[in-house]
Amino acid sequence: MLPKVSVIVPVYNVEKYLRQCLDSIVCQTLENIEIICVNDGSTDNSYTILKEYANKDSRIQIIDKDNSGYGHSMNLGIQRSTGEYIGIVESDDFAKPEMFEVLYNIATSHDLDVARCLFSTFKQRDGSIKKIDASDIKSNVLINPQNDLSLFFQWPSVWANIYKRSFIQQHNLKFLETPGASYQDTAFSFKVYACAQKFMLVPEPLIYYRIHEGSSIKSKNKAFCICDEFEEIITFCRNNSLYEKLKFIICYLQYKTYKWNYNRLEMPYRYLFLLYWSKQIKKNKYIYSKINPYFTFKDLKKIQAIKLIPLLYKYCKRL
């Protein structure tokens with residue numbers, strides 16, 4: 001009998017948290033699952049821990065490979081999966097025991113492309129927990145993302161969802177495989193909602209997202225990898241005749257995400273990123289304007305500053 005859910009666990013140097021993650025998966029109340037752990041060239045004891053758990057639980061499979069990044073790990077896991085649905089638990093996070101049973105039951109009851117739950121943040125520093133709400137999305141209501149675009153404004157959080165495997169295959173949905181890059185859930189999440197037709201949100205938080213100590217970005221490659229994600233979104237939408245419908249949302253999300261990225265950068269990457277951002281706005285000035293229904297007046301003032309005098313943006317942040 002095929003598994004009901006394939007749970008993909010991307011692993012890279014997480015020996016400190018891996019046991020808690022794996023314990024939360026092997027103890028799921030939904031027992032008919034397969035657990036696909038993709039070891040991305042870990043240099044700590046992560047692979048040893050994986051082998052220990054695999055020796056005890058036949059549901060666990062290990063893919064061991066050289067380090068090639070999160071996107072490649074996720075795509076390998078998707079290719080290997082055989083379950084009716086696919087779930088994700090990142091190896092420093094942990095799930096409630098009922099997570100996959102709750103999501104699978106609601107997904108199969110409504111033949112969903114995507115079933116989603118709320119989640120809680122877990123701050124590593126002090127162990128504090130905070131529930132994250134999706135206030136703009138109704139729970140326990142069947143939603144068609146083709147008609148209700150509110151889904152695009154959620155956190156990407158690909159690990160809060162399960163996805164029908166046939167849906168992923170039908171639309172050839174993959175993670176961007178940029179070596180060493182970050183934020184590779186951004187484009188994947190957008191592509192999922194751009195293609196899905198049946199979605200439902202479960203109102204309970206069923207997974208814990210671990211927040212580590214914040215750190216600034218000190219690498220040029222890391223500074224610009226979020227740009228690769230939006231290039232992937234645009235390319236995918238153009239290739240699938242979705243761009244005209246979604247161009248204003250793409251532009252707005254790009255603006256919001258680039259603001260977030262800018263705040264994590266150190267000099268000189270902040271200034272280099274602003275110059276790149278300014279060129280992007282000039283290139284797409286039609287949708288980076290008041291014609292875009294998602295921008296507020298304050299947004300437009302900041303956009304003008306970035307476009308014309310990028311260094312002025314840091315002063316506009318107080319507006």
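How many helices and strands does the chain have?

View 1. The chain has 11 helices and nine strands; helices (H or I, at least four residues) and strands (E, at least two) are DSSP runs, numbered from the N terminus. Its radius of gyration is 20 Å, close to the 20 Å that the globule rule gives for 319 residues, so the chain is as compact as a globular protein of that length. Here the radius is taken over C-alpha atoms, and the rule is 2.2 Å times the number of residues to the power 0.38. Along its principal axes, the C-alpha trace spans about 60 × 40 × 35 Å. Please keep in mind that this is a predicted model: local features need pLDDT of at least 70, side-chain atom pairs count only at pLDDT 80 or more, and totals for chains, interfaces and linings use all residues. Residues are numbered from 1 along each chain as its sequence is written, and side-chain values use heavy atoms, with hydrogens and water left out.

**View 2. Inside the chain.** Of the 319 residues, 53% are buried (under 20% relative accessible area; exposed is over 50%, partly exposed in between; 1.4 Å probe, protein chains only). Take the contacts (heavy atoms within 4.5 Å) between residues at least 6 apart in sequence: 80% join residues at least 24 apart.

**View 3. A look at lysine 164.** You can find lysine 164 in strand S8, which covers residues 161-164. Lysine 164 counts as buried because its relative accessibility is 15%. Leaving aside residues up to four places away in sequence, lysine 164 touches Glu84, Tyr85, Asp111, Leu112 and Asp113.
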